[in-house]
Amino acid sequence: MTTTPEDTSHPPYTVRPATAADLEGARRLMLDTFYRDFGYGYTPAWHRDVIDLADTYLHNPRHLLLVALHGDEVVATTGVRSVGPAHPPHPRWLTERYPSGTTAQIVRVYVRTEHRRHGLARTLVRTACDFAAATPGYDSIYLHTNVHVEGAEAFWRSIAKEVFDARTTGEHGPGVGTVHFEIPMPH
């Protein structure tokens, strides 16, 4: 599966499932995002999958790591994992609504700053949702985001439905405005 984002005004991108050769570039992009965009760095409780991308994404048929390449450089990522939100820090009712195993959680939707606004995130998320719809056993597509990251809230509101605005709960601590979303399952 290789797709091209809708915006063709920028040099060509290739969007496809990650291979072992892509993992170093994907990990570098993820870690850069944690430090530069999020401002709090690598947090083991939240980012464990990033350390072992191969076992998490490449060796599990219900998981997927997508990459967008510009030439040979990984410039964007998106993942699908068969885990729901964890309690704590998330409310119990949310973990019951999105149980692990039947929930396709969209994760690691990151685009390098200089490659934003070219349709990469939208293409990656659409491809991830198509994967979830084609994978037996998934009933829902869930994600949560830090709306303090520039553009995140508007992007997710354009393709997903808000389930819970947790900003007032402080579930992830200071500086993290978490909002939970669901994306309709493609048919």
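Helix axes here are lines fitted to C-alpha atoms over the stretch in contact, and the angle between two of them runs from 0 to 180 degrees between N-to-C directions. With that in hand, here's a quick tour of this predicted model. Helices H5 and H6 pack at an angle of about 45°, while H1 and H2 cross at roughly 160°. There is also an open sheet of 7 strands, plus a count of 13 salt bridges and a couple of cis peptide bonds, one joining His87 and Pro88 and one joining Pro88 and Pro89.

**Helix pair H5 and H6**

- Two packed helices are described by the angle between their axes and the distance between the axes.
- For H5 (residues 120-134) and H6 (residues 152-159), the angle is about 45° and the axes sit 12 Å apart.
- That angle makes H5 oblique to H6, and the crossing is right-handed.
- On the H5 side, the contact is made by Ala121, Arg122 and Val125; H6 brings Phe155, Trp156, Ser158 and Ile159.
- Sorted by class, this H5–H6 contact has 5 nonpolar residues, 1 polar and 1 charged.

**Helix pair H1 and H2**

- The axes of H1 and H2 (residues 44-51) come within 10 Å of each other and cross at roughly 160°.
- H1 and H2 are therefore roughly antiparallel to each other, since the cut-off for that label is an angle over 145 degrees.
- The crossing of H1 with H2 is left-handed.
- H1 puts Arg27, Met30, Leu31 and Phe34 into the contact, and H2 answers with His47, Val50 and Ile51.
- By class, the H1–H2 contact splits into 5 nonpolar, 1 polar and 1 charged.

**The sheet**

- Going across the open sheet, the 7 strands run in the order S1-S2-S3-S4-S5-S7-S6, and the pairing is mixed.
- S1 (14-17) and S6 (161-165) are the edge strands, each pairing on one side only.
- Neighbouring strands are turned by 25° against each other on average, with direction ignored.
- S5 (residues 140-146) and S7 (residues 178-183) pair in the antiparallel sense over 6 bridges.
- If you want to find that pairing on screen, look at Tyr142, whose bridge partner in S7 is Glu182.
- H6 shows up again here: H6 packs on the sheet, where it touches S4 (103-111), S5, S6 and S7, and its direction makes about 25° with that of S7.

**Salt bridges**

- The count for the model comes to 13 salt bridges.
- One to look up is Asp32 with Arg112, whose side chains meet at 3.0 Å, N to O.
- That pair links distant parts of the chain: Asp32 is in H1 (residues 23-37) and Arg112 is in the loop between S4 and H5, 80 residues apart.

- Most residues other than glycine have a negative phi, and most peptide bonds are trans.
- The bond joining His87 and Pro88 is cis, with omega about -15°.
- The bond joining Pro88 and Pro89 is cis too, with omega about 15°.
- Pro88 is in the loop between S3 (73-81) and H4 (92-97), and Pro89 lies in the loop between S3 and H4 as well.
- Arg108 has a positive phi, near 55°, despite being a residue other than glycine.
- You'll find Arg108 in strand S4.

Definitions and conventions
Residues are numbered from 1 along each chain as its sequence is written. This is a predicted model: local features need pLDDT of at least 70, side-chain atom pairs count only at pLDDT 80 or more; totals for chains, interfaces and linings use all residues. Side-chain values use heavy atoms; hydrogens and water are left out. Helices (H or I, at least four residues) and strands (E, at least two) are DSSP runs, numbered from the N terminus. Angles under 35 degrees count as roughly parallel, over 145 as roughly antiparallel, 65 to 115 as roughly perpendicular and the rest as oblique. A crossing is left-handed if the near helix is turned anticlockwise from the far one by less than a right angle, and right-handed if clockwise. Contact means heavy atoms within 4.5 Å. Ala, Val, Leu, Ile, Met, Phe, Trp, Tyr, Cys and Pro count as nonpolar, Asp, Glu, Lys and Arg as charged, and the others, Gly among them, as polar. Two strands pair if DSSP finds at least two bridges between them. A salt bridge is a side-chain nitrogen of Lys or Arg within 4 Å of a carboxyl oxygen of Asp or Glu.
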